[in-house]
Amino acid sequence: MATMADVARSADVSVATVSHVLNGTRPVLPHTRQAVLDAVEELGCTPNTLARSLVTSRTRSIGLAVSAISNPYFTEILRGVEAAALEHGYSLLIADPHDDPVHERKVAQLLHERRVDGMIVAPSARPRELLAHLGRHRVPAVFLDRLVDASEAGDAPRFDQVGAQSAEPTAHLVTHLAALGHRRIALVAGLPGLSTTTERITGYRHGLAAAGLPYDERILVHGGSSPAGAERATAGLLTLGSRPTALVTADNAMTIGAPRALRTHGLSVPGDIALCCFDDFAWADLFSPRLTAVAQPSRDIGARAVRVLLDRLAHPDRPARTERLPCAFVHRNSCGCPEEPRRPARPDLP
Ligand code: HPA
């Protein structure tokens, strides 16, 4: 295999110059830089990232820790992270902490031991140990999707955060159903403790208030962000004396479980009960009826998290920031609206 000395000889420069070009450790004149890159190409060299990291203390790798990686929402986030990382010459180390606080801290430790330059983490509902670990070791990190309440961070430095809006889009689903005449609109909420769950509940209540509807705690049920949990919670709703006429499911996993309960009770959508869901997914318009949903900009969330992390690496002392990306209202007909083919497929929320 060709060495740095071979490249230096071929480009007629010093080994130090080759090193500066390859590691970006010092500016090099454009024509000299090009001569080095041409020699690298000609000799068929592959950079040795491990050797390079000894010089730069950077590994050009990012650790990504997200739970439920098989959930299409997170898979799309992963695609966004991967594409943006590749574009900037970074590779990924991926782990699934299974939404478990202990596992999550271990994963952060392992990624840190592999000397990733920074981490992108979708934190669990109890991220105290994770925060303490990242803070103690001063790991550059961006939180993704589930945002951490500043009070959770205690004395740890604040972290950058990137996630979609949750409250406003949920309120929009509720007001849309209310405008269709529904007066008892239920929410199947997600895993307790996650910021996305809390914000969607807040949005639900804002939507009810905006529509002039009372809040009834009996029709806010918890589906635990799982199909089975949502099926149980929805079945509970259907045994109430005055059962809801419309249902909002707060994430895609629960949009699998809730309709199972409706089917068991012989109810059809939207004739017997209207259904709107948070999260769009590729086959949401194959359901009959087609699902009215809120689409999160999953891929953009992933890509944005990478950019924020790289910005953090370049400016370690800048203040932490939280970026919120807007969702889109995907108007189909499980809400009870007739098909409107001329409507744009994914109009942005107001
Ligand atoms: N957060 C936000 N949206 C989601 C999630 C989540 O954990 N799961 C499915 N959609």
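This is a predicted model: local features need pLDDT of at least 70, side-chain atom pairs count only at pLDDT 80 or more; totals for chains, interfaces and linings use all residues.

Trainee: Okay! How many helices and strands does the chain have?

Mentor: Twelve helices and twelve strands. Those are DSSP runs numbered from the N terminus, with helices being H or I of at least four residues and strands being E of at least two. The C-alpha trace spans about 85 × 50 × 30 Å along its principal axes.

Trainee: Which domains is the chain given?

Mentor: Domain 1 is 4–56, domain 2 is 61–164 + 298–326, and domain 3 is 167–295. Those bounds come from an automatic or database domain assignment. Taken over C-alpha atoms, the centres of domain 1 and domain 3 are separated by 58 Å.

Trainee: New topic: what percentage of the residues is buried?

Mentor: 42% of the 350 residues. Buried takes 20 or more other C-beta atoms within 10 Å of a residue's own, exposed is 12 or fewer, and partly exposed is in between, with C-beta atoms placed from the backbone.

Trainee: And which residues have the most contacts inside the largest nonpolar core?

Mentor: Ile120, Val142, Leu144, Val188 and Ala305, in a core of 78 residues. That core draws at least three residues from each of domain 2 and domain 3. By nonpolar core I mean a set of buried Ala, Val, Leu, Ile, Met, Phe, Trp, Tyr and Cys residues joined through C-beta atoms within 7 Å.

Trainee: What does Ile120 touch?

Mentor: Leaving out residues up to four places away in sequence, Ile120 touches Ile62, Leu64, Val81, Val142, Leu144, Ala305 and Leu309. There's also a second, separate core of ten residues, including Ala11 and Val21.

Trainee: Let's do helices. At what angle do H1 and H2 pack?

Mentor: About 105°, with the axes of H1 (residues 4–11) and H2 (residues 15–23) 8 Å apart. Axes are lines fitted to C-alpha atoms, for helices over the stretch in contact, and angles run from 0 to 180 degrees between N-to-C directions. H1 and H2 are therefore roughly perpendicular. Met4, Ala5, Val7 and Ala8 of H1 make the contact with Val15, Val18 and Ser19 of H2.

Trainee: Are H6 and H7 roughly parallel or roughly perpendicular?

Mentor: Roughly parallel, because angles under 35 degrees count that way, over 145 is roughly antiparallel, 65 to 115 roughly perpendicular and the rest oblique. H6 (residues 101–113) and H7 (residues 128–136) pack at about 20° with axes 8 Å apart. Among the residues that meet are Pro101 and Glu104 in H6 and Glu129 and Leu130 in H7.

Trainee: Is Ala68 buried or partly exposed?

Mentor: Partly exposed, because Ala68 has 19 C-beta neighbours inside 10 Å.

Trainee: And which peptide bond is cis?

Mentor: The one from Val269 to Pro270, with omega near 0°. Pro270 is in the loop between helix H11 (254–264) and strand S9 (274–278).

Definitions and conventions
Residues are numbered from 1 along each chain as its sequence is written. Two residues are in contact if their C-beta atoms, placed from the backbone, lie within 7 Å.
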